[in-house]
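Open your viewer and get ready to click along.

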Amino acid sequence: IHIDSRQNKQVDLFFFFFSTSEASKKLALNLHQSIKSKYQIYRKNGRYQGSVSTRNLHMLRECKPIGIYLELGNIRHPLDQQRIVLESNREALAKWLFDGLAGQ
C-alpha cells in the first residue's frame with residue numbers, strides 16, 4: 001500500500017500488477033472490483049476512477065508470493081487525507097479490500 005505525495009491532486013485508488021503474473025492480475029482485478037462496487041453504494045456521486053494496470057516495479061517484479069501495488073491516494077490533497085486520517089474511512093477501506101481478497 002502506497003500513499004503518493006508528488007502533486008496536490010486528488011486521486012482514486014489504483015492497483016498495479018506485474019505483467020507476467022496472472023495470479024497478481026486476478027488479485028488486482030478482484031480488489032479493484034470490490035472498491036468500485038462499494039464506491040457505488042457508499043460514495044455520494046458513486047463515481048470511481050481508479051484503474052488496474054501493469055507496472056515494472058521492483059517490489060512486483062521480484063516478489064515471490066503474488067503481489068499487487070495499491071496507490072491509496074495523495075497525502076497532499078485534503079480529500080485524500082480524509083481517506084487516510086479518519087478511522088472510519090480506513091476501516092471501510094480495510095473491509096472493502098478484505099472483500100476483494102475473499103473473492104479471489
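Start with the largest pocket: select Gln-10, Tyr-39, Tyr-42, Arg-43, Lys-44, Leu-79, Gln-82, Arg-83, Asn-89, Ala-92, Leu-93 and Trp-96, the residues that line it. Keep in mind as you look that this is a predicted model. The space inside this pocket comes to about 300 Å³. Now colour α1, α3 and α4, the elements that each give two or more residues to the lining. Which element has the largest share of the lining? That is α4, with four residues.

**Next stop: helix α1**

Select residues 22-42, which make up α1.

Next, highlight Ser-24, Leu-27, Ala-28, Leu-31, His-32, Ser-34, Ile-35, Lys-38 and Tyr-39, the buried residues of α1. Because they cover an arc of only 160 degrees around the axis, they lie on the same side of α1. What do these buried residues pack against? Show β2, β3 (52-54), α3 (78-85) and α4 to see their partners. Then turn to the face of α1 that points away from the buried side, where you will find the exposed residues Glu-22, Gln-40 and Ile-41.

While you are on this helix, click Leu-29, which also belongs to α1. Is Leu-29 buried or partly exposed? Its relative accessibility is 41%, so Leu-29 counts as partly exposed; the buried class stops under 20% and the exposed class begins over 50%. From the C-alpha atom of Leu-29, draw a line to that of Ile-66: the two are separated by 13 Å, although they are 37 residues apart along the chain.

In soluble globular proteins, nonpolar side chains tend to be buried together. To see an example here, select Leu-13, Phe-15, Ile-35 and Ile-68, which touch the most other members of the 16-residue largest nonpolar core. Two or more residues of this core come from each of β2 (14-17), α1, β4 (69-74) and α4 (87-102), and α1 gives the most, with five residues.

Zoom in on Phe-15. Beyond its neighbours within four places in sequence, its contacts include Ala-28, Leu-31, Tyr-48, Val-52, Leu-70 and Leu-97. Finish with another core that lies apart from the largest one: this core has five residues, among them Phe-18, Leu-57, Leu-60 and Tyr-69.

How values were computed. Residues numbered from 1 in each chain as written. Predicted model: local features only at pLDDT ≥ 70, side-chain atom pairs only at ≥ 80, totals over all residues. Heavy atoms only, no water. Core = buried A, V, L, I, M, F, W, Y, C linked by side-chain atoms within 4.5 Å. Buried < 20%, exposed > 50% of the residue type's maximum accessible area, 1.4 Å probe, protein only. Contact = heavy atoms within 4.5 Å. Arc of directions from axis to C-beta. 1 Å grid on protein atoms, 1.4 Å probe; cavity = no way out; pocket = protein on both sides within 12 Å on 5 of 7 lines; lining within 4 Å. Points joined across faces, edges and corners; volume = space filled by probe spheres on them.
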